[in-house]
Amino acid sequence: MGDWLDGLPLVDHHCHAIVGESRKADALGALRATSEAPGGYPLVDLVERPAWQAVLRVMERFAASPFRLTTGDVSVEGVTTLNWAEKTLSGVDYHRYCTDLFRAGGYAQLYVDGGYEPEGSVTLSNLARLSGASTRPILRLERLGEDQHTPGRSFDDWWERVTQRVRTAREEGYVAAKSIAAYRTGLHVQPVSLAEARAAYTRWGEPVSLQQVAPRLKDKALIDFLLWHTAPLLANQALPLQFHTGYGDPDTDLLQGNPLWLRGFLETFIPQGLAVVLLHTYPYHREAGYLASVYEGVYFDVSLIIPMGVSGARRVLAEALELTSYRRFLFASDAHTRPEMFLLAADTFRDALAHHFADAVLTHYVSPAVRERWAGLILHANARKLYLGEEE
Ligand SMILES: [Zn+2]
């Protein structure tokens with residue numbers, strides 16, 4: 001799939017860590033990682049999806065299993081494939097297996113959002129060791145707010161510590177910040193007065209001890225205040241701000257996750273030099289493409305649907321690229337937990353991109369050299385420029 005793109009390295013501008021050796025044979029975890037369905041979702045339904053079948057193919061290809069993968073009765077097959085995956089994964093040399101998968105995917109760099117860490121996941125340096133790719137951290141803003149919320153801390157003290165961390169983020173090695181406002185209170189981010197923010201802070205319950213984590217930051221006034229006032233600090237350091245948009249697990253209100261809600265925020269901070277990156281975007285990838293086509297400083301991807309919606313990858317990518325410049329679109333996997341998902345993301349994305357560049361109208365007007373340059377922008381050069389300031 002996508003052969004002519006195989007030699008081009010990948011920079012994954014948004015992903016999460018994978019599990020370590022102790023969970024290498026967690027087949028159930030592997031199945032769960034193919035979908036955004038919550039824990040109680042029936043396994044019998046989860047296995048009847050192309051993403052799980054594709055993960056099985058990846059395991060088959062790289063784990064050199066002595067066990068046969070049998071197909072049978074629909075209700076039985078889920079159990080059969082889970083058992084097969086568990087036996088197969090138990091026998092792999094995990095380090096080598098991971099390195100093989102990431103290398104086959106062509107991964108050169110991973111920008112990792114530590115705001116979501118799967119149970120049993122590895123550190124950033126271990127992810128680099130297992131993947132053979134270099135890793136860079138992304139600062140999750142709501143998590144930072146929660147981490148700094150300790151017993152007895154005043155609003156002023158809390159806010160000083162939060163902004164201090166944001167001000168030094170680039171120095172500390174972060175390549176971007178990320179917000180999950182879409183998950184908590186929606187993307188209609190608006191200006192909030194200091195008095196409103198103070199009142200919201202007072203309403204926010206305190207952790208009872210230093211050992212306890214703070215209650216979730218889920219007050220719209222405080223999240224909006226956090227975003228509105230850290231945005232200029234990020235712009236000053238040329239640090240892009242990533243927003244979760246579009247679909248995710250049912251904790252998100254998909255109606256509030258439409259990136260069109262960000263219009264006021266974009267119109268305020270884009271002129272100040274902030275780069276805003278719309279993550280995932282599906283089913284709003286066309287809206288995201290529109291925003292990127294009219295606002296300087298807006299970037300986006302179609303991670304998550306690629307790799308989870310394997311059969312729609314070609315169509316979604318083509319729709320995402322209908323309007324916008326090829327300088328505004330980036331590859332991301334949003335993969336987590338399992339190395340197989342990283343390879344699946346890379347394979348399906350390259351296939352979809354090759355298919356897109358083979359479009360009859362596109363090939364009629366755009367030369368092979370230009371198409372090759374555009375592919376390079378999307379697969380790695382846009383991310384290197386946006387996050388690291390590296391020119392092509
Ligand atoms: Zn993510």
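The model is predicted, so local features need pLDDT of at least 70 and side-chain atom pairs count only at pLDDT 80 or more, while totals for chains, interfaces and linings use all residues. Residues are numbered from 1 along each chain as its sequence is written, and side-chain values use heavy atoms, with hydrogens and water left out.

Start with the overall layout. The protein is divided into domain 1 (25-90) and domain 2 (96-388). These bounds come from an automatic or database domain assignment. The centres of the two domains, taken over C-alpha atoms, are 29 Å apart. Domain 1 brings 19 residues to the contact and domain 2 brings 21. Contact here means heavy atoms within 4.5 Å.

Now look at the interface itself. The size of an interface is often given as the accessible area lost when the parts come together. Buried area is that loss, found with a 1.4 Å probe and summed over both parts. Between domain 1 and domain 2 it is about 1500 Å². Carbon and sulfur atoms give 72% of this area. Three residues stand out on the side of domain 1. A33, E36 and F62 supply 41% of the area that domain 1 buries against domain 2, more than any other three residues.

A salt bridge is a side-chain nitrogen of Lys or Arg within 4 Å of a carboxyl oxygen of Asp or Glu. The side chains of R61 and D347 form a salt bridge, with N and O 3.4 Å apart.

Which elements give two or more residues to the side of domain 1 that touches domain 2? They are α1 (27-32) and α3 (50-63). α3 gives the most, with 9 residues. Helices (H or I, at least four residues) and strands (E, at least two) are DSSP runs, numbered from the N terminus. This side of domain 1 holds 12 nonpolar, 3 polar and 4 charged residues. Ala, Val, Leu, Ile, Met, Phe, Trp, Tyr, Cys and Pro count as nonpolar, Asp, Glu, Lys and Arg as charged, and the others, Gly among them, as polar.

Turn to T281. This residue is found in the loop between β6 (276-280) and α13 (285-294). Is T281 buried or exposed? T281 counts as buried because its relative accessibility is 0%. Buried means under 20% relative accessible area, exposed over 50%, and partly exposed in between (1.4 Å probe, protein chains only). Leaving out residues up to four places away in sequence, T281 touches T245, G246, A288, F300, D301 and V302.

Finally, return to salt bridges. The whole structure has 24. In one of them, D156 pairs with R198, the closest N and O atoms being 3.0 Å apart. D156 is in helix α8 (residues 155-167) and R198 in helix α10 (residues 194-203), 42 residues apart. E267 and R263 form another, at 3.7 Å. Both sit in helix α12 (residues 263-269); they are 4 residues apart, so about one helical turn separates them.

How values were computed. Buried area = accessible area lost by both parts, 1.4 Å probe.
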